[in-house]
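Me: Hi! Could you walk me through this structure in plain words?

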Amino acid sequence: MKSRTTALAAGFTALGVLAALGACSAPAADDGITTISVVSLIPGSDDAAFDAFNEQVAQFEDANPDIKIEPQEYEWTGPTFAAQLAGGTLPDVYTIPFTDTKTLIENGQLADITAEVEKLDYADRFNPNVLAQAQGSDGQIHGLPTAAYGNGLQYNRAIFEAAGLDPDSPPTTWEEVRDAAKTISDTTGLTGYATMAASNTGGWQLAVATYARGGRLEVPDGDSVRVTADNDGTKDALEFLKALRWEDNSMGADFLLDWGTINQAFGAGQIGMYTSGSDIFTNLVQSQAMDPADYGLASLPLEGSDAGVLAGGTVASVNIKATEAEKAAAVRWIDFYYMQKLIDQDAAVLDAKTLAESDQPVGVPALPIFDEATLEESRQWISEYINVPQEQVSFFLDNIFDQPTIAEPVAHTQDLYAALDIVIQAVLTDPDADVDALLEQVNVDIQALIDADQ
Amino acid sequence: MSTTVQRRRPRAALSTWLRGGGLSTLVFLLPMLVIFGVFSWYPIVQAGIMSFQKTNLVTAPEFVGWDNFARVLGDPNFLIAVQNTGYFALLALLFGYPLPLVAAVLMSEVRRGKGLFSALAYLPVVVPPVVAVLLWKFFYDGRPAGVFNTIIGWVGIPPQPWIQNAMQAMPSLVLEATWAAAGGTVIIYLAALTSVPPELYDAAEVDGASVWQKVWFVTLPQLRGVLLITLILQVIGTSQVFLEPFLFTGGGPANSTVTVLLLIYRYAFQNSLGGNYGAATALSVMLALFLALLSLVYFQLTKRWSS
């Protein structure tokens with residue numbers, strides 16, 4: 001009897017303690033301080049990058065004593081974003097690519113911040129095409145575009161030199177790219193030219209290659225959209241890859257690369273050339289420990305009428321669950337961290353100085369959010385802190401403003417990219433892959449998704 | 001002939017239960033019930049419900065009846081996933097099932113150092129699965145300088161693409177999966193082998209049986225029960241393979257390593273705008289029912305054979 005009573009008493013006490021602990025995590029008292037969680041950097045960025053970020057958080061908190069910032073490491077990838085969205089674990093401020101903003105707005109996932117944005121003094125200076133990426137069909141603003149980028153030809157200057165090529169004359173046509181790739185793989189044994197092929201990034205780069213040859217993956221069709229994956233641009237791009245892979249053997253041995261792993265291989269000096277966003281220098285230096293002296297960026301060879309550069313960008317949005325106070329605080333953070341350096345000289349200099357002190361990249365190539373003049377001006381302000389070797393990226397910067405920029409396909413973009421991943425993988429791993437049949441299948445599959453929405 | 005019939009029902013069953021320690025039993029069971037309920041049973045029920053809904057866990061769900069099941073069955077990737085999973089299970093059965101048995105039989109014959117061999121056999125199981133896969137991904141590098149390509153180069157075989165080729169990808173996955181899991185089964189078989197009465201071997205020896213005949217006529221029949229259990233466990237386990245396709249190839253090249261579980265993952269998580277959890281749970285339910293049915297049939301068929 002005694003031991004049983006003791007046991008029962010112990011059991012109930014334990015349960016009681018657990019209940020009390022549960023109550024302990026109640027929200028802190030309201031003392032006038034609004035706490036918001038914001039995205040910081042990609043996990044795996046080096047310590048110096050986090051130091052610079054934390055320094056900027058401190059600067060913001062000093063200027064805004066009523067706001068407390070809780071940083072959260074974050075990298076936008078399709079699967080993890082979907083899970084976080086469903087689980088409600090996204091921070092109050094997070095960034096998403098242009099491809100997803102419209103649908104998220106329609107699904108009511110992004111907070112309406114029109115009122116807060118209109119209080120900003122640069123609200124009417126946005127390039128309307130860029131701001132449209134963050135607006136709903138009713139014109140309400142649901143986010144602020146923080147960055148826009150084009151696509152360019154990334155190349156490793158050290159590998160070029162080792163292969164006997166001149167790093168200051170990067171290829172300007174796709175034939176020249178092919179020749180350079182062959183030279184690199186023949187002389188050094190490294191991968192001459194690589195392409196992404198997985199995690200939807202393969203489809204993205206195939207879209208880049210398609211646009212660069214004048215093709216289009218989706219065309220408007222009345223109220224709807226028609227998928228044209230079997231256009232000549234895409235077919236040419238795939239023939240190009242086929243030739244490099246099976247005739248020249250200059251594409252190495254890994255055909256399942258995605259954005260992260262191709263950057264890794266490039267940063268490790270295993271790849272001569274590939275196409276990617278014009279803003280990846282930050283990732284290469286912060287996460288892949290690449291030597292900036294080896295980095296080269298050239299413009300995409302554009303061939304054919306209607307050829308252009310696929311442009312994308314990032315929008316900073318506020319979580320739909322944020323309260324009014326949190327929304328206001330969130331917009332103030334977005335303004336401070338992402339926007340001020342683009343339009344205010346003091347803020348730009350402070351930002352550049354903070355980054356430069358921690359050896360973080362300053363002056364990474366970008367496309368204008370407002371207009372070209374504003375971008376130029378902001379570059380002038382921070383010119384003494386720019387540590388991205390401007391001569392090495394001049395081959396891109398000199399041309400980008402003359403190249404037409406084209407938005408990504410609008411309907412079921414990520415699904416389209418996923419389907420194109422399969423096509424690229426097939427072309428690179430199977431010498432007998434039937435390109436026409438594969439592209440026709442993409443047309444059918446994605447068109448079915450688009451039609452089901454109607 | 002008198003039969004004892006319990007004519008007197010205990011009155012006040014509750015107080016008897018309490019006095020018999022029923023309450024303390026319940027208190028000790030409660031944590032397990034709560035944890036299982038929250039993390040196992042509730043999600044199973046939720047999944048069952050979601051399989052009849054159109055839901056992305058973000059917007060409100062709506063009931064769509066059998067639509068999800070129809071959509072999954074009509075998806076061309078479904079057939080590919082089923083074929084690939086069957087192929088993986090078959091390869092694992094042909095290669096990965098006899099291997100631990102052979103290893104265990106050989107190891108049981110070793111006079112000294114049995115403990116060392118057991119530890120070595122079990123070591124791959126101890127390596128965290130993700131670490132093992134990333135390690136093997138490095139080994140499978142398709143360049144001539146890749147680890148495996150270098151090794152096979154010593155015997156004059158040209159460099160192979162391994163996971164970069166649709167034909168070789170699945171067998172490569174099976175190779176790693178076998179390496180990682182064989183150790184556990186070896187230990188089980190070693191233990192089971194000790195229960196084989198040595199007199200049977202002596203009797204066989206007297207009858208003039210060779211080593212091979214001893215294994216076939218004595219060892220295997222004695223191990224029948226364990227072998228049948230590990231067979232069905234292996235089939236169930238390999239039908240749910242996810243880690244190897246996900247980490248090695250992401251389902252590639254060109255969907256040649258997409259398995260059923262990877263397809264479920266894609267339905268749920270591939271779309272950054274909110275997954276199709278209805279389709280994902282529908283496929284999960286179908287897989288679970290299939291495996292349950294398979295086990296039922298299996299145990300019915302083998303009831304005669306197991307001791």
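**A helix in chain B, then the rest**

Reply: Happy to! In α12(B), the residues B:Thr230, B:Thr238 and B:Ser239 are buried. A residue is buried if 20 or more other C-beta atoms lie within 10 Å of its own, exposed if 12 or fewer, and partly exposed in between, with C-beta atoms placed from the backbone. Those three cover an arc of only 160° around the axis, which puts them on the same side of α12(B). The arc is that of the directions from the helix axis to the C-beta atoms.

Me: What do the buried residues of α12(B) pack against?

Reply: They pack against α4 (76-96), α9 and α15 (277-302) of chain B. Contact here needs C-beta atoms, placed from the backbone, within 7 Å. Helices (H or I, at least four residues) and strands (E, at least two) are DSSP runs, numbered from the N terminus.

Me: Before I go on, where do the model and the numbering come from?

Reply: This is a predicted model: local features need pLDDT of at least 70, side-chain atom pairs count only at pLDDT 80 or more, and totals for chains, interfaces and linings use all residues. Residues are numbered from 1 along each chain as its sequence is written, while chains are lettered from A and ligands numbered from 1 in the order in which they are written.

Me: New topic: how many residues does each chain give to the contact?

Reply: Chain B gives 29 residues and chain A gives 31 residues. On the side of chain B that touches chain A, helix α2 (residues 22-50) of chain B gives the most, with four residues.

Me: Last one: how many helices and strands does chain A have?

Reply: Chain A has 18 helices and 12 strands. Of its 454 residues, 48% count as buried. Along its principal axes, the C-alpha trace of chain A spans about 85 × 60 × 50 Å.

Technical notes. Contact = placed C-beta atoms within 7 Å.
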